[in-house]
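Keep the viewer open as you read.

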Amino acid sequence: MKTVVRRLAGHLARGAAMIWVVTTISFVIIRTIPGDPVRAQYEKLIEQGMAPDQAERATAALYGFLPKGSLWDQYVGYLNGLIHLDLGQSLSTPGTPVATLIGSAAKWTILPVLGGTLLSFLLGVTLGVYAAIKRSGRLGDALAISGSLLHGVPQYVIGLLVMAVFTTLWPILPAGGPVDIMYDPGFNAPYIVSLVEHATLPVLTYALAGYGGWILAMKSSVATVLGDDFILAAELRGLRRGILFRYLARNAILPLFTILALSLGMLFGGAIFIETIFNYPGLGLLLVNSIGARDYALMGGTFLVITVAVVVANIAADLLYAVIDPRVRTGGAA
Amino acid sequence: MTESSSAPGVRVRDLTVVYKTPAGELPALAGVSLTLAPGTITGLVGESGSGKSTLAFSLLNAVQPPGRRSAGSVEIDGIGDVSQLAGDDLRRVRGRQVGYVFQAAQNSLNPLKTIGKQLLDLGRSHEVADLPALVRDARALLGRMGLDGGRVLDSYQHELSGGMRQRVGIMLALVLNAHLVVLDEPTTALDMITQATILRIVQEVHRERGLTTLIVTHDMGVAAEVTDSIAVMYGGRVVEHGPTTAVLGSPRHPYTQGLIRAIPRLSGDIAEARALPGRPPTLGTMPAQGCVFRERCPERREICDSVDPAPVAVGDRRVACHAVEPAPASARVRKECA
Ligand SMILES: Nc1ncnc2c1ncn2[C@@H]1O[C@H](COP(=O)(O)OP(=O)(O)OP(=O)(O)O)[C@@H](O)[C@H]1O
Ligand SMILES: [Mg+2]
């Protein structure tokens with residue numbers, strides 16, 4: 001238990017450091033890109049006839065930090081705002097705090113990404129075990145080949161294919177958006193059905209994009225464990241098939257949790273393409289729109305949230321690892 | 001819990017096991033015949049690669065791919081020909097009727113489960129009704145081998161030393177009361193004193209329960225201490241098999257003689273210990289015909305180049321050598337060879 005706490009503390013420290021690096025980089029970018037948007041906004045307000053101190057306050061409200069004072073003071077002010085969850089105001093949607101925009105976009109990304117990842121993880125891991133055990137069988141081969149093929153296809157291509165198949169060739173699902181606006185939001189059947197229908201294609205895309213990797217990773221992990229002495233020893237002790245299978249699967253799945261954490265991070269990046277394709281109002285689309293509108297405060301905020309998501313995913317995966325592997329739990333050597 | 005209270009006899013007949021290699025299927029066992037008398041401890045000795053583990057695995061019909069049995073049978077009293085068993089019938093024999101201690105017993109445990117849980121898995125797999133009694137037996141066995149049974153059962157593999165794991169492996173092979181026990185180099189990770197203790201316990205349990213035991217070992221000293229009979233392997237053949245005192249006291253096969261001369265502890269003087277010249281054959285360098293030992297043999301003769309000697313009874317043992325006459329007159333054999 002102590003070691004788990006120590007690991008958690010280590011993760012939190014590393015995560016905080018990572019978040020700090022990302023926020024600092026986005027601060028520097030916003031302050032140094034050509035045509036400094038903060039300065040430009042300030043000057044625009046002055047031109048519009050605003051008094052300097054009023055313009056200063058308006059700009060500060062917009063970006064979350066003051067355009068005046070030394071760079072260091074501005075930086076400290078910016079960090080201070082972040083600590084109070086004040087990410088500044090959006091430029092492209094005037095008057096709306098960045099935090100509000102991100103908050104409403106986050107759910108459209110987190111749920112489909114988690115759903116798609118879990119789906120592909122479960123599917124890929126199960127079929128990967130099968131592919132490894134039936135290595136010489138036809139179905140085993142077919143599974144492994146399907147894994148290699150899918151693994152090589154970029155996510156956005158899968159997205160476009162899924163879109164083409166299910167909205168044009170065989171139009172059974174809506175092509176974009178999060179939900180039909182004709183239904184009243186709330187806990188009623190038509191609205192929920194519409195939600196699920198709209199989420200199906202993005203989730204399917206995440207799942208298909210991840211599936212190939214999982215099947216290949218699990219197959220090779222199972223093959224490794226199958227070669228371990230303890231599996232043969234268990235067989236020679238006459239353990240039942242079901243028990244043997246559990247020995248095999250639990251040991252084989254372990255290294256995959258590390259990949260799971262990394263892949264969650266990658267998927268939040270991949271959401272940029274998928275959400276654009278399906279016009280799905282998540283963080284990825286928000287980021288794309290903020291880049292289009294040169295909305296730097298929104299950009300910085302989105303980066304930050306994606307970073308936090310990656311950090312949280314990492315911690316969750318590591319804790320899961322610790323629950324399964326006694327060597328980690330007790331801090332012993334492998 | 002016991003199925004039959006008497007020790008089973010084991011008869012291996014003309015067993016050939018081949019491994020698939022890039023050069024084709026090559027025999028690791030070439031027509032091996034070996035009888036384990038009920039209630040005895042047999043030592044299986046021989047240099048690395050001589051086929052000891054392959055033979056040991058064969059007793060459980062557990063030769064691993066790319067290997068396979070291509071001919072012969074393994075009869076065990078009360079079980080029949082294990083080489084014909086498959087599926088659940090084979091599984092039930094393994095562990096329950098034939099206990100097996102793996103050569104790499106340090107790595108024979110699931111790293112993710114405590115020893116106690118793995119013990120319960122073993123019990124459930126073999127439909128042991130009284131699991132608490134099984135745990136008590138396990139604790140007692142571990143205690144006899146100098147371990148704190150309760151603590152060991154609560155431990156994970158990584159919390160135990162190599163020698164402790166090896167003893168856990170021995171416990172798991174004995175705890176179900178199997179009447180045939182195969183131990184493949186069971187004490188390699190142990191220091192000399194622990195090794196002696198463990199072997200004495202194996203011997204004790206063997207006597208108490210009336211087992212038939214096969215101990216595979218590199219160590220002639222180990223074999224000398226605990227076995228009733230010794231089978232010497234060379235190049236996939238059993239070249240000499242007989243009572244321990246006879247084989248060690250007056251070895252008949254030139255290979256056995258060389259093996260014993262190579263051990264200072266047994267030959268008495270370290271200056272007199274002479275390493276056997278040359279190297280044992282591997283699957284690829286095994287001669288296709290004739291005696292597999294002839295290249296290193298001080299008593300080589302013409303017939304050795306063309307005819308693989310068949311084992312023949314010489315007194316109370318079996319020897320496979322052209323230089324050994326079926327009569328127990330070793331002096332005459334020496335003269336002929338000179
Ligand atoms: N999986 C395998 N593939 C190919 N050849 C093998 C395989 N396993 C064993 N062999 C060969 O079969 C022969 C007998 O091997 P075996 O493991 O039975 O020897 P051993 O007497 O137990 O040796 P050691 O004392 O080193 O354990 C060796 O020549 C070995 O190279
Ligand atoms: Mg061996």
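## A strand pair to start with

Strands β9 (residues 229–234) and β10 (residues 237–243) of chain B run antiparallel, joined over six bridges. Strands here are DSSP E runs of at least two residues and helices are H or I runs of at least four, numbered from the N terminus; two strands pair if DSSP finds at least two bridges between them. Within this pair, Ile230(B) sits opposite Gly242(B) in β10(B).

This is a predicted model, so local features need pLDDT of at least 70 and side-chain atom pairs pLDDT 80 or more, while totals for chains, interfaces and linings use all residues. Residues count from 1 along each chain as written, chains are lettered from A and ligands numbered from 1 in written order, and side-chain values use heavy atoms, without hydrogens or water.

## The whole sheet

Zoom out and you get an open, mixed sheet of eight strands in chain B, ordered β6-β7-β8-β3-β9-β10-β12-β11. Its edges are β6 (98–101) and β11 (312–314) of chain B, each pairing on one side only.

## The cores

A nonpolar core is a set of buried Ala, Val, Leu, Ile, Met, Phe, Trp, Tyr and Cys residues joined through side-chain atoms within 4.5 Å, with buried meaning under 20% relative accessible area (1.4 Å probe, protein chains only). The largest one has 65 residues, and Leu119(B), Val168(B), Met171(B) and Val175(B) touch the most other members. Helix α10 (residues 241–277) of chain A is its top contributor, giving ten residues.

A second, separate core of 37 residues includes Leu36(B), Phe57(B), Val93(B) and Val98(B).

Note on methods. Buried < 20%, exposed > 50% of the residue type's maximum accessible area, 1.4 Å probe, protein only.
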